Amino acid sequence: MDFGGLRALDSLDLEVFEGEIVALIGPNGAGKTTFFNCITGIHPPTKGDMLIMPPGKKQKRLNGLKPNHVTEHGLARTFQNIRLFPNMTVLENVMIGRHCRMSAGIAGAIFRGSSTVNEEKAVIRDSYLMLEKIGLTDFVNEFAMNLPYGAQRRLEIARAMATEPFLLLLDEPAAGMNPHETQELDDLILWLRENENISILLIEHDMKLVMSLSDRIFVVDYGKKIAQGTPEEILNNPAVIKAYLGEEMDA
Amino acid sequence: MAAWFMFLTFPIMVIRVNTINNVIEWRWDNMLWIGIGSFFLSFVWRYLLKRRDEGSKKAEIGEIEKTPLIQRILKERKIFIPALSVISVFALVFPFVFSLYQTNIMITGLIYVMLGLGLNIVVGLAGLLDLGYVAFYAVGAYSYALLNYHFGIGFWAALPIGAGLGAFFGILLGFPVLRLRGDYLAIVTLGFGEIIRLILENWNAFSFGPSGIANIPRPSFFGIEFSVYNATIYLYYIMIGLILFTIFVVNRLQDSRIGRAWIALREDEVACQAMGIDKRATKLTAFALGATWAGMAGVIFAAKTTFINPASFTIWESIIILCIVVLGGMGSIIGVITGALVLILLPEYLRAFSEYRMLLFGGILVLMMVFRPGGIVPDVRRTYRFEGIEDNHRNNP
């Protein structure tokens with residue numbers, strides 16, 4: 001992925017298999033969020049292919065698709081700095097997630113036939129169910145901007161899950177959380193993987209979370225992949241230690 | 001502060017050229033009044049500002065319940081329903097109680113209500129700052145005038161055509177501005193409004209230029225032509241009916257999948273698209289649906305005044321409609337209606353102050369923005385509330 005003369009991503013090959021939790025780690029500025037932006041269609045990649053194989057459907061190439069089409073195909077993401085809809089309630093935020101799975105149009109809005117009415121009821125019910133799963137039902141009628149930070153992060157996840165993805169992209173979900181909240185997030189992500197049949201691709205700096213959650217880890221530095229493997233392999237990989245984890249300084 | 005004001009108004013209030021005697025009169029006593037007056041006014045001003053800040057601080061702490069009076073009135077069904085019936089009765093008997101002149105003013109007011117409700121979709125709900133809204137108004141008016149001139153199409157046929165053409169031009173405007181935001185969007189839409197006016201003014205063969213089009217027929221009642229007096233009353237009731245239709249449709253659009261998409265677009269474009277909402281389609285729909293009401297209002301305007309020319313469709317009109325939406329309360333239907341009626345009817349009824357009209361207008365705008373930036377009726381948006389496990393969701397009135 002080139003931005004003019006700057007090569008932000010250089011031959012980064014990454015696969016996520018069904019039901020896996022994969023983590024993408026690396027120093028700041030390595031290109032991790034750029035990678036997410038490429039996949040979700042915010043920046044179309046200058047070279048390379050992005051292929052998805054949704055369960056039960058055939059392979060699809062994501063290059064050049066707009067972000068909303070990517071979401072329709074089953075990829076959902078959260079953002080590094082929280083991008084909720086601040087003046088909408090928690091319930092409405094999740095209802096926006098359901099937008100791409102609904103079909104009411106202008107005529108439906110104006111005439112409110114029975115199918116539209118049923119669809120609206122279903123949306124509210126499904127959104128509430130999603131909030132129950134994530135654990136935000138206490139805040140259901142609260143404006144998103146009034147939520148505490150940890151709840152806002154979980155609301156982003158709830159909103160992304162409402163789009164019915166098969167691959168969930170989490171961009172630093174534990175940023176700014178205390179250890180207790182991080183543990184809850186850990187449980188939530190594992191629960192999502194078990195019960196919602198999704199795969200998860202995770203950008204994270206919190207090593208404890210990464211090590212406990214991931215099945216595989218990819219390490220990227222200056223846009224290039226420097227290592228991949230299971231958590232144990234990565235912990236002991238000298239290149240990773242040098243670039244990211246930190247090596248012991250000889251006194 | 002007082003000294004500053006004295007200095008500022010010095011040329012106007014103090015120096016006065018007496019052309020009869022060719023002598024300059026120095027009215028020093030005026031300067032004294034300005035000084036004293038602004039001194040006291042500045043205290044009042046600072047007191048009001050302090051009260052406003054304290055009010056918002058208290059609301060943040062949670063000491064006082066910050067629902068405005070209007071919202072509380074709307075919530076109380078006991079007050080709301082009788083008030084509504086009083087207003088309906090008043091609206092229905094209006095033409096028979098008041099003179100023709102008043103009815104005409106009220107029709108003008110109602111036309112601006114429709115324009116305000118249309119612009120509310122674009123600016124209030126979708127957050128797209130459209131300064132060229134008058135272009136669609138002009139499209140509607142000229143479509144009726146020209147179709148009538150060339151093909152003899154009557155009012156009732158022209159109404160949906162005007163609305164449809166408005167929507168078409170809305171989409172036409174929408175395409176170039178899809179990628180723009182904020183100030184750039186405002187300037188481009190402003191340009192579009194001006195382009196339409198200039199085309200109408202200069203393409204004489206098409207639109208008869210500045211001399212306009214006259215003898216536009218009023219609406220007929222199944223072929224019966226009315227006298228001027230009755231036609232005006234007829235038009236008034238048509239307007240009431242169309243306004244109710246507008247309120248109904250806009251309300252339904254607001255509380256729907258599309259309405260939520262518009263609000264999400266206003267809140268955060270990038271996140272909205274990441275959640276699967278097609279940004280382009282949503283923006284185009286907002287422009288198109290907003291412009292249909294302007295087209296319809298244009299047809300009615302042409303029928304009401306029976307003569308149109310490009311001078312009625314200047315930028316100033318766009319700005320007035322925008323002021324209606326902003327002052328009335330962006331996004332709230334009741335607010336926009338109130339804003340339109342206040343902004344259009346007040347100048348008519350305050351003709352005594354017509355010399356100071358612009359001054360008052362500017363002054364009111366400044367005061368509103370300082371003390372009540374949400375508008376007369378701040379956004380009384382019905383949020384979706386969840387009230388139980390069964391499907392009984394209740395909208396917050």
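**Close-up views of a predicted model**

**View 1. Contact of α5(B) with α15(B) in the predicted model.** From α5(B), residues I105(B), T108(B), G109(B), Y112(B), V113(B), G116(B), L117(B) and N120(B) meet I333(B), V336(B), I337(B), G339(B), A340(B), L341(B), I344(B), L345(B) and E348(B) of α15(B) (contact: C-beta atoms, placed from the backbone, within 7 Å; helices: DSSP runs of H or I, at least four residues, numbered from the N terminus). These residues comprise 11 nonpolar, 5 polar and 1 charged (nonpolar: Ala, Val, Leu, Ile, Met, Phe, Trp, Tyr, Cys and Pro; charged: Asp, Glu, Lys and Arg; polar: the others, Gly among them). The axes of α5(B) and α15(B) lie 8 Å apart, at an angle of about 145 degrees (lines fitted to C-alpha atoms over the stretch in contact; angles from 0 to 180 degrees between N-to-C directions).

**View 2. Helix α14 of chain B, residues 315-328.** The 14 residues of α14 should span 20 Å at 1.5 Å a residue, and the end C-alpha atoms are 20 Å apart, which agrees (expected span: 1.5 Å times one less than the number of residues). Buried residues of α14(B) include S318(B), I321(B), L322(B) and V325(B) (buried: 20 or more other C-beta atoms, placed from the backbone, within 10 Å of its own).

View 3. Just after α14(B), G329(B) takes a positive phi of about 120 degrees.

**Conventions.** Residues are numbered from 1 along each chain as its sequence is written, and chains are lettered from A and ligands numbered from 1 in the order in which they are written. In this predicted model, local features need pLDDT of at least 70, side-chain atom pairs count only at pLDDT 80 or more, and totals for chains, interfaces and linings use all residues.

Methods: Helix = DSSP H or I, 4+ residues; strand = E, 2+ residues; numbered from the N terminus. Buried ≥ 20, exposed ≤ 12 C-beta atoms within 10 Å, placed from the backbone. Contact = placed C-beta atoms within 7 Å.
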